[in-house]
Amino acid sequence: MGQKLKIAGWVSLGVLAGALTTVSLQTVARNAAAPLPLEELQQLAAVFSLIKTDYVEPVDEKKLITDAISGMVSSLDPHSQYFDKKSYKEFREGTSGRFVGVGIEITQEDGLVKIVSPIEGSPADRAGLKTNDLITRIDDTAVKGLTLNEAVKRMRGEPNTKVILTIFRKDENRSFPVTIVREEIKTQSVKGKVIEPGYAWVRLSQFQERTVEDFVRKIGDIYKQEPNLKGLVLDLRNDPGGLLDAAVAISAAFLPENVTVVSTDGQLAESKYTFKASPEHYLRRSGADPLKRLPATLKKVPLVVLVNEGSASASEIVAGALQDHKRATLMGSQTFGKGSVQTVRPLGPDTGLKITTARYYTPSGRSIQAKGILPEILVDETPEGDLFAALRTREADLDKHLSNGDGKEEKRQQDERSKARDAAMKRLEEEAKKPPSERKLPEYGSSEDFQLMQALNQLKGRPVMVSKTLAERKEEPKEN
């Protein structure tokens, strides 16, 4: 399997750009040989012909076919996607950690583009864009009606070119334009520091090609400053995921060698596999194992993992593996719940298909699809509570998401979430009346970071202020 991964190339999971490439082009050819529904294909051809001859104005044939493919793929689930030439290039840039754009992680909400988080140090971050801001226009184009992929295309471009984003900020109930100069974004996925003598904090914002090397380097810096580490906080809050091999490697950094990290299961034989904490499961190419440079004591240092509703996919793999092997205490709030695996298949030299091919399971066999991982200790974002968690989008809120159980139970949970969102919106309206300085959440890793301070209390054996507002989202019945 390790050799297959090296040959295949792109191996990743994530909320925004997830993929697991473990199959070859021969697999596509094999599947294409299956019988085709001729009657339906004839109907498709008839519709195509009628549009060409009867539509009010001439249409571009290639665009019509491309749109038909995109619609067919996007109807499957929120994470399957057709890549044209430009989006395929951008996908590869995203997993490498380098691209030209404004520097935001995004999703879609009510037909608008919602900012999940600005990338630290990016043009968007410097321009003051915030988590939960909604983009309503990109230059002169209304976002309503655009696909997420189309919106991304309009925001990306050449370095040193300008783009005007019209922002609607809910908590201030106002819209305003922001002019941003595009530049190459070099995302730094690992941050960390010694918080106080004996205790350190390491934050992973995404799982990229350079994440493992950067993680090893950061841990080395921490141990140079604090050789007698008594406890470590691994911060995965708002980490949307990324490369699978990076998630397996980060898990392996803390776990005994060769234990199970994650398993996958789907229709294809290649989709049924167990990934373990060993180099052949996370090294992308031949060469030295970077984890060998880590201090041996890292596998035994007391560990707390911080997660929240924005922790998804690859970060859920790490959290689930460390939780199941009882290697860490998880704190924060229930995670996003993306438990599916995508395969990116080339369709030509510069186009591809990202399609959901499997579910993944934690070492104990749990599927977290549309549910997420529940921390052992629920902790609010602030001492006053986590009042707006219900407004954050999770996997279970996405249209056409894969079900993980009984439809009636899932409908009941959706109704409960809807009521919780209504209550949170009322609180948000009250909060919006306060001055902006009083509404801003403290920076992760700062002394004002309430969840981090509770994690340190846990490591020191001191009392932890558990959540006043959070509750478990009940597990859905398992599928037969």
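## Helix α13 and its surroundings

Glycine 461 comes directly after helix α13 and has a positive phi, near 80°. The model is a predicted one. Helix α13 itself spans residues 450-460. Eight of its 11 residues are buried, and the helix is mostly covered.

Which residues of α13 are buried? They are Phe450, Gln451, Leu452, Gln454, Ala455, Leu456, Asn457 and Leu459. These buried residues pack against five strands named here: β12, β13, β14 (231-235), β18 (303-307) and β19 (329-332).

## The β12-β13 hairpin

Two of those packing partners, β12 and β13, form a hairpin with two residues between them. Strand β12 covers residues 190-196, and strand β13 covers residues 199-204. The pairing is antiparallel and runs over six bridges. Within it, glycine 192 stands opposite valine 202 of β13.

The turn holds glycine 198, which has a positive phi of about 95°.

## Glutamate 226

Glutamate 226 sits in the loop between α8 (211-225) and β14. Beyond its neighbours within four places in sequence, glutamate 226 is in contact with Val194, Pro197 and Gly198.

How far away is the nearest side chain of opposite charge? That side chain belongs to lysine 230, and the distance is 7.5 Å. Glutamate 226 is buried, yet has no salt bridge.

## Helix α9

Helix α9 runs over residues 244-254. All 11 of the 11 residues are buried, so the helix is largely enclosed by the rest of the structure. The buried set includes the charged residue Asp245. Among the others are Leu244, Val248, Ile250, Ser251 and Phe254.

## Salt bridges

The model has 17 salt bridges. One joins the side chains of lysine 114 and glutamate 109, at 2.9 Å from N to O. Lysine 114 counts as buried because its relative accessibility is 6%. Glutamate 109 counts as buried too, at 12% relative accessibility.

Another salt bridge joins aspartate 235 and arginine 237, at 2.7 Å from N to O. Aspartate 235 is buried, with a relative accessible area of 0%. Arginine 237 is likewise buried, with a relative accessible area of 0%.

Arginine 174 forms a salt bridge with glutamate 172. The closest N and O atoms are 2.5 Å apart. Is arginine 174 buried or partly exposed? Arginine 174 is partly exposed, because its relative accessible area is 37%. Both partners belong to a network of salt bridges that links Asp133, Arg169, Glu172 and Arg174.

## Confidence

The mean pLDDT of the protein is 83. Of its residues, 78% reach 70 or more.

Over residues 1-32 the pLDDT stays under 50. For this stretch the model has 99 contacts beyond four places in sequence. Residues 475-480 also have a pLDDT below 50. Beyond near neighbours in sequence, residues 475-480 have 17 contacts in the model.

Key:
Residues are numbered from 1 along each chain as its sequence is written. Side-chain values use heavy atoms; hydrogens and water are left out. Two strands pair if DSSP finds at least two bridges between them. Helices (H or I, at least four residues) and strands (E, at least two) are DSSP runs, numbered from the N terminus. Buried means under 20% relative accessible area, exposed over 50%, partly exposed in between (1.4 Å probe, protein chains only). Contact means heavy atoms within 4.5 Å. A salt bridge is a side-chain nitrogen of Lys or Arg within 4 Å of a carboxyl oxygen of Asp or Glu. pLDDT is the predictor's confidence in each residue, from 0 to 100.
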